[in-house]
Amino acid sequence: MRPARSFIGVIAAVAALACASKVAYAQLQIPPELKPAEAEPAAPPKKPAKPSAPKPAVAKPAAAKPAVAKPPESAKPTAANGTPDLAYGAFQRGYFLTAFSEATKRIDATGDRKAMTLLGELYANGLGIPKNDTKAAEWYKLASDRGDPDAMFALAMFNISGRGGLNDRNEAVRLLAASAKLGNAPAAYDLGLLYLEGRQFPQDFARAAELFRSAAQAGSSEAMYALATLYKEGRGVAKDDVEAARLLGTSALADNIDAEVEYGIALFNGTGVAKDETAAARILRRAALRGSPIAQNRLARILATGRGATADPVAAIKWHTIAKAGGLGDTFLDEFASKQSAETRAAGEAAAKPWLQVLSRS
């Protein structure tokens, strides 16, 4: 059971990586006669990542409570003694009361630490039983004391978010370090962010890179994205655009939208990867549809200039309008829109209207 998204990643990624990389998001490289002005400074998208050299933007806001990642459907959960893990199997299928009962039996019989962590999850999330942070913290503590890395990570999150009566940042850091040492990817990622932040420890880009690499190798898309940023910047590692692009591509495949945006821009510009404007346009369109203002802005530029996709002034104005509503202005696109006919502008604004309605509600 491994929390799917780290809480520190939600609250610290932007601040930490802003220290590491004080540059704007990458621009598409447009010929001189079409080169747009730099996008106006904008507030980060209201979703934490959470791109020129990117800083991992704020990740999507996640609940402070640890979430459990599902194993592959083909995997058969096993308990510490190698027998089928009936408790976790029931949990994965949504039979939470059965999971609670089976985990309790196994704790009584063998003192199994994974079963303790599972009870912590059930209490922390109110699954099948009333939510109870105090009891969740007690079970996480018992499992953590017995060496379970997932329980250590969950307990660190409780300390950071003040749940279950816990509120000790130093203890949270100790638990993160212990969990990371035992191979917990979210803990390694969060610990890396702390080294970038430079408050709990002296700022150390090389150590952050080591931790991000460990988490990336364990499958963390956030860590892949953060490590790509360090390679792109040459901080803590030798500057390497090829490795940065490889990591961005892998993170994008793992559904990290910020990496998807960055990889699309790298493809368009041919930075660390073979230049492919058409593929870049497809990737940026997908990220735009997922709600990224950066992707929406870059897609608008593509559609305005006809690079990578057929020029479409109406669609360009549509995406520019949506990106502006999301906080990303662009004087080049403002000027582009002003030169279009009144009918074209009206059509683009009408196409953007459903998006604007959703944004206004959110």
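This is a predicted model: local features need pLDDT of at least 70, side-chain atom pairs count only at pLDDT 80 or more; totals for chains, interfaces and linings use all residues.
Numbering runs from 1 along each chain as its sequence is written, and side-chain values use heavy atoms, with hydrogens and water left out.

OK, E121. You'll find E121 in helix α4, residues 113–125; helices here are DSSP runs of H or I, at least four residues, numbered from the N terminus. Buried means under 20% relative accessible area, exposed is over 50%, and partly exposed is in between, with a 1.4 Å probe and protein chains only. What E121 does have is a side-chain polar contact with the side chain of Y140, at 2.9 Å. For that we want a pair of N or O atoms within 3.5 Å; within protein, one must be able to donate a hydrogen and the other to accept it, and residues adjacent in sequence count only if both atoms are side-chain atoms.

Next up, H320, over in helix α15, residues 313–325. H320 counts as buried because its relative accessibility is 5%. Its side chain has a polar contact of 2.7 Å with the side chain of D334. Leaving out residues up to four places away in sequence, H320 touches A300, D330, L333 and D334, where contact means heavy atoms within 4.5 Å.

Now helix α9, residues 205–217. Its end C-alpha atoms sit 18 Å apart, which agrees with the 18 Å its 13 residues should span at 1.5 Å a residue; the expected span is 1.5 Å times one less than the number of residues. Who's buried in there? F205, A208, A209, L211, F212, A215 and A216. Down the axis of α9, those buried residues fall within an arc of 165°, so they line one face of the helix. The arc uses directions from the helix axis to the C-beta atoms. At the N-terminal end, D204 is the cap, with a side-chain oxygen 3.1 Å from the backbone nitrogen of A206. After α9 comes G219, with a positive phi near 105°.

Note on methods
Helices (H or I, at least four residues) and strands (E, at least two) are DSSP runs, numbered from the N terminus.
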